[in-house]
Every structure is written in C-alpha cells, then in structure tokens.
Amino acid sequence: MAGHPPIVVHRISPSGGRRVTVRDQIMGLAHSDDQLLEFLRRAGLPDADNLLDDPTWIEWVGDRPHEYDPLELLP
C-alpha cells in the first residue's frame, strides 16, 4: 500500500470521541476501540482487530492511539 493509510482516526473532539474516515468517507464518531472496529466492519474489514496498530492501515492523528476522551483543561 503506497501513500497514506486508508483509515484515519482524527483528533479527539472537544466533547470526546474521534471522527473516523475510511478512504475519505466519514464513518462516524468513535468513542472506543470497539466502536472503531464496528465502523471498520461496516466498511468491509471484518477482521480489523489486528489493524489498529498497523500504520500502513491506520493513521492516528494528533492524539495518542486508543484514546477517545477529551483532555481535561486545568482551571
């Protein structure tokens, strides 16, 4: 696979969750790895469990992989 990975897990939104795109199509807002896997299953990748940490398949943008909760702001 050349170029960018086909799956992008975007930055954590201010209210929590991460937008997921597969081949530039928005799949939804994931709040957990389980929800991310469901989006990938719907996109035709039923055995995506092993892809979550594979940078040739998934690009995690801006925040640590597997994190979905917004950062708490200090007062």
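In what order do the strands form the open sheet? I traced the order as β3-β2-β1-β4, with 4 strands and mixed pairing. Two strands pair if DSSP finds at least two bridges between them. Helices (H or I, at least four residues) and strands (E, at least two) are DSSP runs, numbered from the N terminus.

**Ground rules.** I am working on a predicted model, where local features need pLDDT of at least 70, side-chain atom pairs count only at pLDDT 80 or more, and totals for chains, interfaces and linings use all residues. Residues are numbered from 1 along each chain as its sequence is written, and side-chain values use heavy atoms, with hydrogens and water left out.

Axes are lines fitted to C-alpha atoms, for helices over the stretch in contact, and angles run from 0 to 180 degrees between N-to-C directions. I then checked β2 against β3: they pair in the antiparallel sense over 5 bridges. Thr21 has Ile26 in β3 as its bridge partner.

**Loop between β2 and β3.** I found Arg23 and Asp24 here. Phi is near 50 degrees for Arg23 and near 70 degrees for Asp24. Both values are positive, in residues other than glycine. Most residues other than glycine have a negative phi. Arg23 is exposed at 54% relative accessible area, and Asp24 is exposed at 77%. My cut-offs: buried is under 20% relative accessible area, exposed over 50%, partly exposed in between (1.4 Å probe, protein chains only).

**Val22.** I stepped back to Val22, in strand β2 (residues 18-22). Is Val22 buried or exposed? Val22 is buried, with a relative accessible area of 5%. Leaving aside neighbours within four places in sequence, I list Pro6, Ile7, Met27, Leu40 and Ala43 as its contacts. Contact means heavy atoms within 4.5 Å. Ala43 is 21 residues from Val22 in sequence, yet their C-alpha atoms are 7.3 Å apart.

**Helix α1.** I looked up burial in α1 (residues 33-42) and got Leu36, Leu37, Phe39 and Leu40 as buried. They sit on the same side of α1, because they cover an arc of only 155 degrees around the axis. That arc is taken over the directions from the helix axis to the C-beta atoms. Asp34 and Arg42 are exposed on the other side. The cover over the buried residues includes β1 (7-12), β2, β3 (25-30) and β4 (58-60). α1 lies across β1, β2, β3 and β4, and runs at about 155 degrees to β3. Just after α1, Gly44 takes a positive phi of about 100 degrees.

**Core.** I counted 16 residues in the largest nonpolar core, with Leu36, Leu40 and Ile58 having the most contacts inside it. α1 gives the largest share of this core, 4 residues. Such a core is a set of buried Ala, Val, Leu, Ile, Met, Phe, Trp, Tyr and Cys residues joined through side-chain atoms within 4.5 Å. For Leu36, contacts beyond four places in sequence are Val9, Val20, Ala30, Leu52, Trp60 and Tyr68.

**Aromatics.** I searched the whole structure and found 1 aromatic pair. Trp60 and Tyr68 form it edge-to-face, 6.3 Å centre to centre with 75 degrees between the planes. Both are buried. Rings of Phe, Tyr and Trp (its six-membered ring) pair if their centres lie within 6.5 Å; planes under 30 degrees apart count as stacked, over 60 as edge-to-face and the rest as tilted.
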